[in-house]
Amino acid sequence: MIETIENFAIEIGPVKAALLATLFTWFLTALGASLVFFFKSINRAVFDTMLGFTGGVMIAASFWSLLAPSIKHSEKMFPTMPWLPAAIGFLLGGLFIFGLDKLMPHLHINFNKEESEGVATKWHRSTLLLLAITLHNIPEGLAVGILFGAAANGMEGASISAAVALAIGIGIQNFPEGLAVAAPLRRQGVSRRKSFWYGQLSAVVEPIAGVLGAVAVIHMQNVLPYALSFAAGAMIYVVVEEVIPETQRDKYTDLAVLGFMLGFTVMMILDVALG
């Protein structure tokens with residue numbers, strides 16, 4: 001099955017492969033958001049476990065799918081300092097999301113509207129929630145696109161199967177993420193249709209970021225290790241600044257940690273077994 005997908009991805013090229021892979025991650029977000037047609041609310045224990053799972057997947061993907069191949073490739077470029085491109089890219093990725101975090105008005109899922117971040121605005125709570133998850137999804141789409149581009153360029157440590165594994169892992173964690181956006185809106189009295197719309201819309205940015213990431217690394221091969229670690233730094237920043245704090249605002253912190261451990265394990269298995 002994986003060989004068939006890999007051959008298909010090679011045949012259509014990295015840009016189209018990145019687009020299809022990120023459309024898959026968007027589809028699973030929409031699938032998760034569609035649960036609001038059947039449930040008006042989500043149990044908080046389940047919610048926090050899902051968020052923890054999301055953080056675990058993102059942390060594992062950041063190392064196995066992004067940082068490890070970045071360092072491996074850098075061994076030829078900088079034999080005495082193979083860590084240098086990874087360190088620079090990682091920090092720049094974090095600073096990129098830090099800048100967006102300070103500029104883009106947004107509100108994290110479990111927070112009150114007066115706790116919104118970014119530039120002050122009178123935008124509706126649902127819009128601020130949508131922007132928060134959109135901010136979260138930018139590095140995920142970039143990561144998938146950059147890895148497909150790196151594999152197409154023959155980068156050591158990167159492969160099409162690893163990119164497929166990353167897309168599967170992000171897709172799995174996007175399922176609860178779609179519900180995580182839609183369910184709070186439904187609980188606040190927003191219609192089922194509108195709650196679903198906002199839930200799926202949060203991941204629309206992933207195909208855009210995926211295509212941009214693939215195109216960028218194809219035409220700038222020298223930046224490959226920096227680009228991979230950039231995506232990793234962006235994802236780590238999101239986990240530490242957004243995902244983890246959201247799981248620590250209620251009494252289900254232990255479940256969130258267990259969810260994190262499970263997500264990390266699932267992504268690790270996917271990357272090692274498939275990549």
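**Helix H6 and its neighbours**

Gly178, Val181, Ala182, Leu185 and Arg186 in H6 meet Arg192, Ser195, Phe196, Tyr198 and Gly199 in H7, where contact means heavy atoms within 4.5 Å. By class, five of these residues are nonpolar, three polar and two charged (Ala, Val, Leu, Ile, Met, Phe, Trp, Tyr, Cys and Pro count as nonpolar, Asp, Glu, Lys and Arg as charged, and the others, Gly among them, as polar). This is a predicted model, in which local features need pLDDT of at least 70 and side-chain atom pairs count only at pLDDT 80 or more, while totals for chains, interfaces and linings use all residues. Residues are numbered from 1 along each chain as its sequence is written, and side-chain values use heavy atoms, with hydrogens and water left out.

The axes of H6 (residues 160-187) and H7 (residues 192-201) come within 8 Å and cross at roughly 150 degrees; axes are lines fitted to C-alpha atoms, for helices over the stretch in contact, and angles run from 0 to 180 degrees between N-to-C directions. Helices here are DSSP runs (H or I, at least four residues), as are strands (E, at least two), numbered from the N terminus.

H6 also packs against H2, at an angle of about 35 degrees and with the axes 6 Å apart. Among the residues that meet are Ala21, Phe24 and Leu28 in H2 and Ala167, Ile168 and Gly178 in H6, and the contact as a whole has twelve nonpolar, six polar and no charged residues.

The largest pocket has a volume of about 250 Å³, and its lining includes Ile5, Phe8, Ala21, Phe24, Phe148, Ala167 and Ile168. A pocket is an open set of points on a 1 Å grid over the protein atoms alone, where a 1.4 Å probe fits, with protein on both sides within 12 Å along at least five of seven lines, and lining residues have an atom within 4 Å of a point; the volume is the space filled by probe spheres set on the points. Helix H1 (2-12), helix H2 (14-33) and H6 each give two or more residues to this lining, which has twelve nonpolar, no polar and no charged residues.
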